[in-house]
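Q: Hey, I'm new to this one. Can you walk me through what's there?

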Amino acid sequence: MKRLLSLLIALLVNASAWAADPPNHPLSLSEALEIAHRENPVLRAARAHTSAVQAGEVSAALRPNPVFTSSNEDFNPWNFDPANAQEFTQNVSFLIERGGKRQARINDARLTTSVANAVLSDAERQLDLQVKLAFVNYLLGSETLKLADDNLKGYAQVIEANQVRLNAGDISQTDFDRIKIEEASFQSDVLTARTSMLQARSQLAALLGISDATKLNVTGQLSPPPVQGSLAQLQQAALQHRPDYLAAHQNVQKAEADLTLARANGATDVSVGPEYKRNGPDNTFGVVFQLPLRVFDRNQGEKLRTSHELESSRYAEEAARLQVLSDVQQAWDAYQSALERHNLYTQDYLQRSRTVLERLTFSYQHGATSLLDYLDAIRSHRDVQLGALTADSQALAAIHQLSSATATELLP
């Protein structure tokens, strides 16, 4: 027993250590999803619950046990004579289920498992969305931090160049101080970006079941690819693949099976079994037959309840269908808006902002532009760069939302 306990403890420790450490290379999105499906504790709990539900199929298929009855009478402690005076009765009875009860139970249990599997699939779908959005946030945080670092280093060169101009008497101390003060905003960008990146990394690590987030790193692109298919095609795909809608549809089938089982349970069962009796010196055999007289209880309550549950499940299925269509419509609208914003930055704003900054930098260096206009151009370009990254991440997140709404993978 001690050796067995030691072995179990060692296995648990090794499993915990393995689950706590991510791979020693940057994770792609597909690898992150694979780890989440394997290690996420919430999903593992849901998977264990589904297995527990499936075990109900075993119980539903079991047949009633035979019943052994022993009746021994006429014992007289002062005249104990088993050969002539006492009576012994032994019988074994078998319950015969009528009305197709066993098959109805099996069908009901199988449909219960199907609903549980659909619920598990929906939990996986929701976890996939959480991992994808956390992955996008981590990428955005990393790219934003990189941009903030690059901007800070670039502005340090601006300060250095203006230090030379100050020493040469080309600009005043006040103008140089204004340029130096502007550096605080770049340093603030770095600190804010670092905090956002660390928080996104911790969120992703929790979803992946990784305890030490500092060892987690990812790789990927924020640039969103185009989505194939029309709104109508995506809505049709959602009705075919969304696990929550499929669960609602299977709930209707289960409610029908519940009603069938309730009607079957209203049928009268009989018990039949052979009997042996010894009465003094006489040995006899017989047959025992039991038939309940179901004068009052014919399972009317369950029949009525399950009929109403069937009606309720049909309304719930229709509500789920409408919700699926609404989810796809909202996700589609969000994607179209995010894509338009992404195109504005990539096709216009980024290049226009870069051109304005280059012109004002040249003008300021030659004394044709004021310091305030020059600093304002620097701020505007920085804001446009951050806006472009945010637009990229929003468009990519919108694709993930649309993938989740349709329960299909829209990214190539």
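**Overall layout**

A: Read along the sequence, the protein chain goes α-α-α-α-β-β-α-α-α-α-β-β-α-α. Helices (H or I, at least four residues) and strands (E, at least two) are DSSP runs, numbered from the N terminus.

Q: How many helices and strands does the protein chain come to?
A: Ten helices and four strands.

Q: What should I know about the model before going on?
A: This is a predicted model, where local features need pLDDT of at least 70, side-chain atom pairs count only at pLDDT 80 or more, and totals for chains, interfaces and linings use all residues. Residues are numbered from 1 along each chain as its sequence is written, and side-chain values use heavy atoms, with hydrogens and water left out.

Q: What radius of gyration does the protein chain have?
A: The protein chain has 37 Å, whereas a compact globule of 412 residues would be near 22 Å. The radius is taken over C-alpha atoms, and the globule rule is 2.2 Å times the number of residues to the power 0.38.

Q: And what box do the C-alpha atoms fill?
A: Roughly 135 × 60 × 30 Å, taken along the principal axes.

Q: How much of the protein chain is made up of buried residues?
A: Buried residues make up 38% of the 412 residues. Buried means under 20% relative accessible area, exposed over 50%, and partly exposed in between (1.4 Å probe, protein chains only).

Q: Switching to the strands. What order do they have in the sheet?
A: The order is E1-E2-E3-E4, in an open sheet of four strands with antiparallel pairing. The edge strands are E1 (67-73) and E4 (282-290), each pairing on one side only. On average, neighbouring strands of this sheet are turned by 15° against each other, direction ignored. For that angle, axes are lines fitted to C-alpha atoms, for helices over the stretch in contact, and angles run from 0 to 180 degrees between N-to-C directions.

Q: What counts as pairing here?
A: Two strands pair if DSSP finds at least two bridges between them. In general, strands of a sheet pair through backbone hydrogen bonds, either parallel or antiparallel.

Q: How many bridges join E1 to E2?
A: Seven, and the two strands run antiparallel. Ser70 stands opposite Gln90 in E2.

Q: And how many join E2 to E3?
A: Eight bridges join E2 (residues 87-96) to E3 (residues 270-279). Glu87 stands opposite Asn279 in E3, Phe88 stands opposite Arg278, and Phe94 has Val272 as its bridge partner.

Q: Then over how many bridges do E3 and E4 pair?
A: Nine, in the antiparallel sense. Lys277 stands opposite Thr284 in E4. The hairpin of E3 and E4 has two residues between the strands, and Gly280 in that hairpin takes a positive phi near 65°.

Q: Which residues other than glycine have a positive phi?
A: Asn299 is one of them, with phi near 65°. Asn299 sits in the loop between E4 and helix H9 (300-365), and it counts as buried because its relative accessibility is 15%. Ala407 has a positive phi of about 55° and lies in the segment after helix H10 (371-406). Ala407 counts as partly exposed, at 27% relative accessibility.

Q: Which residues form the nonpolar patch on the surface?
A: Phe289, Leu291, Leu293, Val295 and Phe296, with about 640 Å² of accessible area together. Phe289 is found in strand E4 and is exposed, with a relative accessible area of 55%. Patches are made of residues with over 30% relative accessible area and no salt bridge: like charges are joined within 9 Å, nonpolar side chains (Val, Leu, Ile, Met, Phe, Trp, Tyr) within 5 Å. The areas come from the Shrake-Rupley method with a 1.4 Å probe; for residues, only the protein chains shown count as cover.

Q: How many salt bridges does a search of the whole structure find?
A: It finds 21. A salt bridge is a side-chain nitrogen of Lys or Arg within 4 Å of a carboxyl oxygen of Asp or Glu.

Q: Which residue does Asp244 form a salt bridge with?
A: Arg242, with the closest N and O atoms 2.8 Å apart. Arg242 is buried at 2% relative accessibility, whereas Asp244 is partly exposed at 26%.
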